[in-house]
Structures are given as structure tokens and as C-alpha cells.
Amino acid sequence: WWGRSLAAWLPARMRHALCDDHRLLLQLDGDVLRLWRQHGDDVSALAELPVPLPADPDPLARLLREDARDWARWLRLPAGAGLRRRLVLPAAARERLRDVLAFEIERQTPFVQADVLHDGRILQVREDGQLLVELVVLPRRRLDALLAPLGGAGGMLAGVDMLDEAGMPL
């Protein structure tokens, strides 16, 4: 985040020349794996592959250009893959938001903390200083089921992001 913040001060041409912020986005759609290239806010389709992929260490390597093999790979999940809850938290929760949200998992969801992956984001700082926060919870078993058809590519992910109902990443 700090790199993107600093890069935002640079002119667009210089930012693209100096900042390698390419991502390879993967999304399962039935029996097809869709691949996109993301560079900044620009997202373009690259390929569609049948799944399951081979269990090779990197089944995508032979399909990608050499420079693209090193791009951070992110799995994009559909909106219904996890559970989202909005919470109002005190301003003091901001400094340790992930820890506070971990505590809230068992209170706000039907899951046990050990059985899920979670993250959160601040949606709004209210006038009274309290935080409107969204807790996002993904059951580990659900993620494992989504990773299975990716073969060895599932172990090379830099991260996982869930899409909202409009298809935008959270």
C-alpha cells in the first residue's frame, strides 16, 4: 500500500516505467479458469483454460511470457464464496483491526476462527469516531475446494480476493 501511495505522486508514464505492479488474476468459472492481466486499474483478458490443471509445480509457466511468470498471482472468488458482515467498532480498533475482527468471527458468524480465513476493511469513519467495518470470512474447506482444480498453480498464489455483487474486488 505504501508503494502505491508513493507511486501515485509520480506522473503516469514514469509510474508505469518504474513500478511493476502487474498481477495475474485467476478466476474459476465452472470448468474454465479465466486469466487476466492487471496493471494498475487496467484489467485485460489473457486466456481461458480447461480445469483441472496438471499438478505440475507451475502449470501456467509454459503458457505465460517469461516476464509474466513472476507476476503476483491472485485468485478471485465469486461474491458468494464467503460471508460478509458489517460491524460498528470503536475508533481504538483501527490499530489492531485484524485482531479485533478475529475475535468477532465467532460472535458474528456461524464459524469457528480456526476454520476460516478472514480479513476486513474500513468502510467509513463515522462522525462519532466509530468505524464502520466489513468483516469478510472464507471457510478453509471452501478455499481448499476452489484450489483443488488449479493443480500446482494453487500453491503459487500471492493472495485471494473476493468480488462483490457488481464483480468488483473487495
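This is a predicted model: local features need pLDDT of at least 70, side-chain atom pairs count only at pLDDT 80 or more; totals for chains, interfaces and linings use all residues.

Me: Which residue of β3 does Trp 36 stand opposite?

Reply: Trp 36 faces Ala 45 in β3.

Me: How many strands does the open sheet with mixed pairing have, and in what order?

Reply: Five strands make up that sheet, in the order β3-β2-β1-β4-β8. Its edges are β3 (42–50) and β8 (159–162); each has a single partner strand, so one side of each lacks a neighbour in the sheet. On average, neighbouring strands here are turned by 30 degrees against each other, direction ignored.

Me: What is the strand order in the open sheet of three strands?

Reply: The order is β5-β7-β6, and the pairing is antiparallel. Here β5 (83–89) and β6 (116–125) stand at the edges with a single partner strand each, so one side of each has no neighbour in the sheet. From one strand to the next, the twist averages 25 degrees.

Me: How many bridges pair β5 with strand β7?

Reply: Seven bridges link β5 to β7 (residues 131–139), in the antiparallel sense. Within this pairing, Arg 84 has Val 136 in β7 as its bridge partner.

Me: Which strands does helix α3 lie across, and which does helix α4 lie across?

Reply: Helix α3 (residues 97–108) lies across β5, β6 and β7, and runs at about 110 degrees to β6. Helix α4 (residues 140–147) lies across β6 and β7, at about 60 degrees to β7.

How values were computed:
Residues are numbered from 1 along each chain as its sequence is written. Side-chain values use heavy atoms; hydrogens and water are left out. Two strands pair if DSSP finds at least two bridges between them. Helices (H or I, at least four residues) and strands (E, at least two) are DSSP runs, numbered from the N terminus. Axes are lines fitted to C-alpha atoms, for helices over the stretch in contact, and angles run from 0 to 180 degrees between N-to-C directions. Contact means heavy atoms within 4.5 Å.
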